[in-house]
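Dear colleague,

I am handing over a structure that will be new to you, and I would be grateful if you kept it open while reading the notes that follow it.

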Amino acid sequence: YLKISKLALAFAIIHSKPPGKSCKEYTEHLAKTVSEQDFGWKSKVEVLEAEVLRLRQELLLSKICPRFCLENGKPNAETLLDQECLNPMSYSSQLEDSGCDVSNDCTSESLGIASDFHQSEHNVDTFKHWVERIPPLNLCCASKEESLTAPVQFLQHLLEIRKLSEGGILQADFTELENDSFTVCNSVSRLLDGLTIFYNSPKFPVSKFLNEAVCVLISLITDSKLSNHVLKKCFKKLEEFKKNLIQIILRNSSVNRVSLKH
């Protein structure tokens, strides 16, 4: 069947060949045209896949924290300050462990010295401080490094929600990670693939963003609660990343200078 198909294609090319061109030239021209079309479709598919992943990421974040709303990629502070998400009693009792940067005046308010109005006002200010630290989701991928933006920022949002819930500021349900393993695995896989590409041909000094990407990965796998949900879904990918990283360190002379001596 394959031989017949090739023969039929050869006859079609010969019959449709324009005058003044050899069969070889015409075949190469057709092959180039088809490959360009394939490249165009592939790039469109990649853009659409990235957009689908971004929407799935936003949907998953909203499921974990129902009031977590992204407007133009930024968390909506007013929506998140709804009473269903903000828990002042739990917040005041866990203020020291929340990781928030508060002044002595704010701390005294949290201990009940100030009125309930000032307590609520302080909770709002502290929460807005957290929200401002959360970067917007972004899909601009002009370079290999920027292709890491979406997964890094999604995982940053996840980690920030985790900190806010631990501090009693937000109510979050991380069991939703079990129901949407595709989004988590895809995000982690893209992050690991992007880091592997960089490490294969590193550029020094390392950019601040790549350092941030590594820090996000470390935070993710060392967070006791998130790692229980995430690592078991991405274990094979992490194992593959570890093996690739070891091979790069051992074989790449620009990373491992010892290899130049042996």
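In these notes, a residue is called buried if its relative accessible area is under 20%, exposed if over 50%, and partly exposed in between, as computed with a 1.4 Å probe on protein chains only. Please keep in mind that this is a predicted model, in which local features need pLDDT of at least 70 and side-chain atom pairs count only at pLDDT 80 or more, while totals for chains, interfaces and linings use all residues. Residues are numbered from 1 along each chain as its sequence is written, and side-chain values use heavy atoms, with hydrogens and water left out.

I begin with the charged side chains. Side chains of opposite charge can pair when their charged atoms come close. Taking a salt bridge as a side-chain nitrogen of Lys or Arg within 4 Å of a carboxyl oxygen of Asp or Glu, a search of the whole structure finds 8 of them. One of these joins R54 to E51, with N and O 2.6 Å apart; both residues belong to helix α2 (residues 23-64), where their spacing of 3 residues amounts to about one helical turn. Helices here are DSSP runs of H or I with at least four residues, numbered from the N terminus. E51 is partly exposed, at 29% relative accessibility, and a network of salt bridges links E51, R54 and E58.

The C-alpha atoms of I249 and N200 are 9.3 Å apart, although 49 residues separate them along the chain.

Finally, turning to the cysteines, the count of disulfides (pairs of cysteine sulfur atoms within 2.5 Å) is 0. C65 is buried at 0% relative accessibility, whereas C215 is partly exposed at 45%.

Terms used. Helices (H or I, at least four residues) and strands (E, at least two) are DSSP runs, numbered from the N terminus.
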